[in-house]
Amino acid sequence: MTEVRLREVELVPERTLGSSADDAPLRGRLTFGWDLLPADHEGVPTDWLSYVRAMPGREFRHLLMVCSFRPETPASKGAFRHASLGVALSTPDPDARPIARLIDPGERTRPVAASGTGLSFTVKAGVLDVGVTKPPSTDLVREEWIVLGHGASQPNPQWEFRRVKRFPLAGDHPVAALVELVPEQVNTAEVLVAAELEHSSWGVRRYRARLALSPHAIVLTG
């Protein structure tokens, strides 16, 4: 069992073409938390446990992180459209870096209704006739990702989060990495969060926050 304590994250606006110079940091919309667990703790995925047991003599940690997106409020307008969570693993030796051997999820999906409308093309006497057709079932469903992981077996894993039809980007989104540590070194993780919010009046705004200082520092070992 684990208990992740979520902490408030202040999102700083990026300066982009067309953005207002007096945009204030965004508060109260995103929280972040993490926990560091033994690689063989109860509840670890079976394939992760098998991987660890197949690598005797190496040291691993299960790094669990949670991003929690809150809905817009009258005081904080805009809906989350896309966000990313990046982790840079390092030691004091730039040539020796921890590795995220396995990540979770690689992909997390939700069922989304697909459009049942298509186009039909018919040529009659050299004239192109374009019509609209609908298949017998208009309740087609496809899986679309809401969380996508990158960087397995790399020192810089990253996850993307996005909203899809009927599923706003809101609530708790846990992700995790099985990190192989560098022995006899202080192993650390620096976290960078970026987010895009969309509002009907002012369009898209981009924000980011670097979670490297207390209380967000992640010391993996040492």
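Of the 222 residues in the protein chain, 39% count as buried. The model is a predicted one. Its chain holds 1 helix and 14 strands. Take the contacts with a separation of 6 or more: residues 24 or more positions apart account for 74% of them. The chain exposes about 12,600 Å². Carbon and sulfur atoms supply 52% of that area.

Start with the helix. Helix α1 spans residues 46-53. Which of its residues are buried? Trp-48, Leu-49 and Val-52 are. They sit on the same side of α1, because they cover an arc of only 100 degrees around the axis. Thr-46 and Asp-47 are on the other side of α1, and they are exposed. What do the buried residues of α1 pack against? Their partners are three strands: β3 (60-69), β5 (99-104) and β11 (171-180).

The whole structure has 11 salt bridges. In one of them, the side chains of Arg-101 and Glu-180 meet at 2.7 Å, N to O. Arg-101 belongs to strand β5 and Glu-180 to strand β11, so this pair ties together parts that lie 79 residues apart in sequence. How exposed are the two partners? Arg-101 is partly exposed, at a relative accessible area of 22%. Glu-180 is buried, at 13%. The cut-off for buried is under 20%.

Next, look at Glu-198 and Arg-163. Their side chains form a salt bridge at 2.5 Å, N to O. Glu-198 lies in strand β12 (residues 187-199), while Arg-163 lies in the loop between β10 (158-162) and β11, so the bridge ties together parts 35 residues apart in sequence. Glu-198 is partly exposed, with a relative accessible area of 30%. Arg-163 is partly exposed too, at 33% relative accessibility.

A further salt bridge joins the side chains of Glu-144 and Arg-142, at 2.7 Å, N to O. Is Glu-144 buried or exposed? Glu-144 is buried, with a relative accessible area of 17%. Arg-142 counts as partly exposed, at 39% relative accessibility.

Now put the pieces together on the structure. Strands β5 and β11 are among those that the buried residues of α1 pack against.

Notes. Residues numbered from 1 in each chain as written. Predicted model: local features only at pLDDT ≥ 70, side-chain atom pairs only at ≥ 80, totals over all residues. Heavy atoms only, no water. Helix = DSSP H or I, 4+ residues; strand = E, 2+ residues; numbered from the N terminus. Buried < 20%, exposed > 50% of the residue type's maximum accessible area, 1.4 Å probe, protein only. Contact = heavy atoms within 4.5 Å. Areas by Shrake-Rupley, 256 points an atom, 1.4 Å probe, with all protein chains shown as cover. Arc of directions from axis to C-beta. Salt bridge = Lys/Arg side-chain N within 4 Å of Asp/Glu carboxyl O.
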